[in-house]
Amino acid sequence: MKCFIGIDLGSTTTKSVVMDETGKPLGHGITNSRSNYDTAALVAKTEALISARLVLLRKALERDAQLTLAIDAILEGLERRFRLAQFMVQLGNLERLCSEKVQENQARHGESDLQGALDDTFTNLKVELAKLFDPGASRKSDFFRDLAGSVYMEVAETQADAHKVNQDTLINIYDKSIIEVENIPPQVDMSETFLTALDDLLNAGEIGPEDYAEVQRTLKAVLAIELEETYVVGTGYGRARLPFPKEHIRSEILCHGLGAHLMYPNTRTVLDIGGQDTKGIQVDENGIVVNFQMNDRCAAGCGRYLGYIADEMQLGLHELGPMAMKSTKQVTINSTCTVFAGAELRDRLSLGEKREDIMAGLHRAIILRAMSILSRSGGVDNELTFTGGVAKNEAAVKELRKLVEDNYGDLKINIDPDSIFTGALGAAEFARRAVEA
Amino acid sequence: MSTKTATPTAVESQKDSSMLMQKRMINSNYDALTSAPETGRKVCSTFVPGNLNELIQCFGMINNLPETNAIQNAMRQQSGGMIQTAERQGHSEDVCTYVKADIGMMSKGNIAPNGKPMPNPDMLLLSYTGCFTFMKWFELLRQEYKCPTVMLQVPYQGDGEITQNMRDFVVKQLKEEVIPTMEQVSGVKFDIDRLRENMRRSAQAEDDLVWVLESAKNKPSPIDAYFGAIYYLGPMFTAFRGTQEAVDYYKVLRKEIEERIAKSQGPITPEGEIQKERYRLVVEGPPNWTNFREFWKMFYEEGAVVVASTYTKVGGVYDQGFRHDADNPLESLADYCLGCYTNRNLPKRVELLEQYVNEYEADGLLINSIKSCNSFSAGQLMMMQEIEKRTGAPGAFVETDLVDPRYFSAANVKNRLESYFQMIEQRRQGRMIATAS
């Protein structure tokens with residue numbers, strides 16, 4: 001079948017959407033952006049194609065299959081096993097690269113039990129990380145580097161002590177290797193991995209033999225469908241570095257405008273807060289951009305601002321919003337400069353302000369900046385669609401609702417759980433239209 | 001999509017005629033300035049907007065323009081160091097970068113672009129035309145050079161019109177202060193007939209310049225009325241208005257453009273001729289000088305041609321009918337100063353831009369907002385929104401600086417321009433679909 005692919009290469013994450021001929025999105029993929037843009041784009045696209053296969057499988061199962069278990073449970077198990085296999089391939093790569101670095105280190109610095117420490121670290125890692133893919137387990141991130149990194153740090157500490165080697169050396173080896181691992185293009189054979197994942201489900205007793213046979217038959221049929229990459233359009237900050245000809249590249253403004261229109265056809269204003277830019281976009285009834293404004297020169301008030309604050313407070317990015325929601329008092333924080341906001345935060349803490357109140361102030365600062373960009377782009381018209389990584393943050397959404405109501409009245413605000421894919425969705429639609437036209 | 005077509009012969013032929021002539025003229029003025037200690041000619045420092053070149057020449061003086069020196073230094077990548085020198089002396093980061101480049105140049109031995117030391121001015125003539133910074137700048141120069149200083153107070157066109165009272169006030173100062181000081185500094189008696197002669201020549205050259213600027217109403221436009229026009233304006237805005245050389249230069253230039261129109265040729269760029277005009281733009285605000293070619297390239301690579309600009313009016317808004325008038329020499333000098341672009345109020349500037357968008361059939365208005373120039377930048381967003389409302393043509397906003405290389409963020413400017421061009425294209429296609437259905 002013909003597939004149209006959009007890739008949004010952002011400053012923090014790279015997103016991809018696969019669309020069918022009718023304009024219906026089939027699959028989404030996301031990965032962290034890395035130094036090698038080609039690999040980032042390829043990983044995101046592969047992820048979107050994996051998710052497309054799962055969507056096709058669901059449709060096929062819903063259509064024909066007679067199953068004992070719920071389709072949701074089967075697909076969840078299948079995907080989990082698939083992810084585990086993918087993860088283990090990357091872990092194998094990491095182990096190999098770390099080992100090479102241990103050898104080099106050994107050659108330079110002589111005898112020590114660094115290799116022993118590394119081997120034991122990985123033995124432990126495999127066990128600990130596999131647990132993240134147990135039924136019902138939750139993962140803090142979808143990215144290999146985040147998951148592997150946090151567990152590695154813990155395990156390496158214990159193993160360094162046990163083998164009497166320098167802990168920093170063990171961590172340096174990881175730091176150097178993870179960058180290389182991320183730049184290795186995806187190597188998983190999709191069909192084989194899916195079928196093995198299904199076998200694993202059976203072996204683990206998560207699926208019965210009858211369901212297994214039924215799902216296997218359907219899965220094989222779905223895997224046999226050729227997903228033809230008919231046209232690919234790239235967008236986002238790294239778009240100029242994407243390995244595509246110029247006609248295949250669209251501005252992220254246009255892609256976000258069109259993507260938001262596809263999600264919510266009544267959208268007239270789009271606010272996108274990404275890693276390093278905030279965009280205010282006005283679109284017409286066809287999703288055509290009529291005006292836009294972006295932040296100038298400085299990225300204070302964008303997603304990275306929250307990332308910096310999270311680091312300053314030694315919190316996870318996803319913990320900021322919930323903390324701010326507990327606020328009971330308004331504290332004003334400047335939004336002129338990210339680094340200054342960090343200093344202001346420590347100053348407020350020393351004055352005895354509560355962390356949750358300061359957090360709420362920071363979220364308000366971001367949205368105030370966004371409101372200024374929105375007004376420069378022509379204001380807010382009904383409906384407003386809020387997209388980008390920051391749209392997932394409940395405290396930011398709360399401040400936006402309040403400030404929009406104060407300034408523009410009671411408007412409908414749309415936030416899609418998949419809003420991070422808005423730009424890639426628009427790009428995929430541009431790809432579809434390019435062929436249609 | 002790219003319209004890049006380097007035709008070296010075209011560039012050379014352009015250089016053979018008007019381009020080379022222009023270069024020769026500008027260089028000759030620097031030579032006249034740096035050889036003043038030998039020739040004994042007196043030097044009058046003054047600014048481009050409201051410069052009284054015809055009058056200065058009556059006294060055999062040479063005109064030195066500090067902001068043009070800053071531009072020359074920026075285009076030679078010298079201004080960054082000069083600005084830092086001025087900052088070390090205590091001038092703030094936010095001060096007009098022309099001023100700091102000039103002060104830095106003085107501190108570094110005041111070397112002219114021809115590599116020879118610039119003589120100290122014998123007189124400072126400030127025609128104050130809407131830029132408050134000019135006043136402070138000359139205060140600093142007066143302190144440095146301790147030479148006779150005249151400030152010609154030009155009333156701001158707050159109500160958007162020149163009254164007889166305003167004109168009389170300027171003429172009175174010309175008679176009572178400017179001319180007597182010039183006589184005293186130069187030792188030459190004022191001869192009004194000489195002034196009339198100069199002004200007659202000015203008007204002749206002005207006719208041809210207006211013709212050249214208005215040639216951009218053709219489709220395709222034979223000129224770029226912003227980047228390209230900077231070169232065309234050199235003689236008129238600097239030391240040559242009122243000279244026979246300027247009259248000759250604009251005749252040659254006009255002839256060249258006539259030929260381009262006859263052959264339906266687009267504007268010449270550093271990489272050859274623009275083969276396909278895809279976007280027609282009006283630009284408000286001065287250009288960035290440190291990355292002038294890089295900035296221009298972002299336009300011509302996409303087939304974007306500037307058909308009218310306000311910056312090309314800072315040395316005189318001749319296309320609105322003003323001509324230096326030999327029959328009323330002093331009154332006409334007064335009208336010239338009063339009518340400068342920077343001396344016009346916001347409604348008048350909006351009117352002019354609106355007229356340009358309509359008469360030149362532009363696709364949109366782009367504002368290049370200058371970080372360190374408040375007299376240009378204040379109110380620009382409001383202007384943009386008003387023009388969008390009146391003409392329906394979309395506006396866009398980029399921010400750069402005059403001569404401070406630290407404030408040119410190529411990636412951001414390019415990102416925004418590309419988005420803008422693609423938005424224009426998308427709107428155009430949207431309109432076509434709407435008309436067809």
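These questions and answers walk through a predicted model with chains A and B.

Me: How many residues does each chain give to the contact between chain A and chain B?
Reply: Both chains contribute to this contact. Chain B gives 16 residues. Chain A gives 17 residues.

Me: Which element supplies the largest share of the side of chain B that touches chain A?
Reply: Two elements of chain B give two or more residues to that side: β10 (395–400) and α17 (410–436). By class, the residues of that side of chain B are five nonpolar, seven polar and four charged. The largest share is nine residues, and it comes from α17(B).

Me: Is Ala205(B) buried or exposed?
Reply: Ala205(B) sits in helix α9 (residues 192–214) of chain B. A residue needs 20 or more other C-beta atoms within 10 Å to count as buried. Ala205(B) has 26 such neighbours inside 10 Å, so Ala205(B) is buried.

Me: What separates the C-alpha atoms of Ala205(B) and Ala246(B)?
Reply: Leaving aside residues up to four places away in sequence, Ala205(B) touches Met236(B), Arg241(B), Ala246(B), Val247(B) and Tyr250(B). Ala246(B) is 41 residues from Ala205(B) along the chain. Their C-alpha atoms are separated by 6.3 Å.

Me: What is the phi of Glu361(B), which follows α14(B)?
Reply: Most residues other than glycine have a negative phi. Glu361(B) has a positive phi. The value is near 45°.

Me: How far apart are the end C-alpha atoms of helix α2 of chain A?
Reply: Helix α2 (residues 71–109) of chain A has 39 residues. At 1.5 Å a residue, α2(A) should span 57 Å. The span in the model agrees with that, because the end C-alpha atoms are 56 Å apart.

Me: Which residue just after α2(A) takes a positive phi?
Reply: The phi in question is about 80°. The residue is Gly110(A).

Me: Is α2(A) roughly parallel or roughly antiparallel to α3(A)?
Reply: The axes of α2(A) and helix α3 (residues 114–131) of chain A come within 10 Å and cross at roughly 170°. An angle over 145 degrees counts as roughly antiparallel. Therefore α2(A) and α3(A) are roughly antiparallel.

Me: How many nonpolar residues are in the contact of α2(A) with α3(A)?
Reply: Helix α2(A) brings residues including Leu84(A), Phe87(A) and Leu91(A). Helix α3(A) brings Leu118(A), Phe122(A) and Leu125(A), among others. Four residues of the contact are polar and two are charged, while the nonpolar ones number eleven.

Me: Is α10(A) roughly parallel or roughly perpendicular to α12(A)?
Reply: Helix α10 (residues 317–325) of chain A packs on helix α12 (residues 355–377) of chain A, with axes 7 Å apart and an angle of about 110°. Angles of 65 to 115 degrees count as roughly perpendicular. So α10(A) and α12(A) are roughly perpendicular.

Me: Which residues of α12(A) meet α10(A)?
Reply: The contact has five nonpolar, one polar and two charged residues. Leu320(A), Met323(A) and Ala324(A) are the α10(A) side. Facing them in α12(A) are Arg355(A), Glu356(A), Met359(A), Ala360(A) and His363(A).

Me: What is the omega of the cis peptide bond from Asn382(A) to Glu383(A)?
Reply: Most peptide bonds are trans. The bond from Asn382(A) to Glu383(A) is cis. Glu383(A) is in the loop between α12 and β8 (384–387) of chain A. The omega of that bond is near -5°.

Me: Where is Pro220(B) found?
Reply: The peptide bond from Lys219(B) to Pro220(B) is cis, with omega near -5°. Pro220(B) is in the loop between α9 and α10 (227–237) of chain B.

Me: Is Gln314(A) buried or exposed?
Reply: Gln314(A) is not a glycine, yet has a positive phi of about 55°. Gln314(A) is in the loop between α9 (303–312) and α10 of chain A. With 7 C-beta neighbours inside 10 Å, Gln314(A) is exposed.

Terms used:
Residues are numbered from 1 along each chain as its sequence is written. Chains are lettered from A and ligands numbered from 1 in the order in which they are written. This is a predicted model: local features need pLDDT of at least 70, side-chain atom pairs count only at pLDDT 80 or more; totals for chains, interfaces and linings use all residues. Two residues are in contact if their C-beta atoms, placed from the backbone, lie within 7 Å. Helices (H or I, at least four residues) and strands (E, at least two) are DSSP runs, numbered from the N terminus. Ala, Val, Leu, Ile, Met, Phe, Trp, Tyr, Cys and Pro count as nonpolar, Asp, Glu, Lys and Arg as charged, and the others, Gly among them, as polar. A residue is buried if 20 or more other C-beta atoms lie within 10 Å of its own, exposed if 12 or fewer, and partly exposed in between; C-beta atoms are placed from the backbone. Axes are lines fitted to C-alpha atoms, for helices over the stretch in contact, and angles run from 0 to 180 degrees between N-to-C directions. Angles under 35 degrees count as roughly parallel, over 145 as roughly antiparallel, 65 to 115 as roughly perpendicular and the rest as oblique. The expected span of a helix is 1.5 Å times one less than its number of residues.
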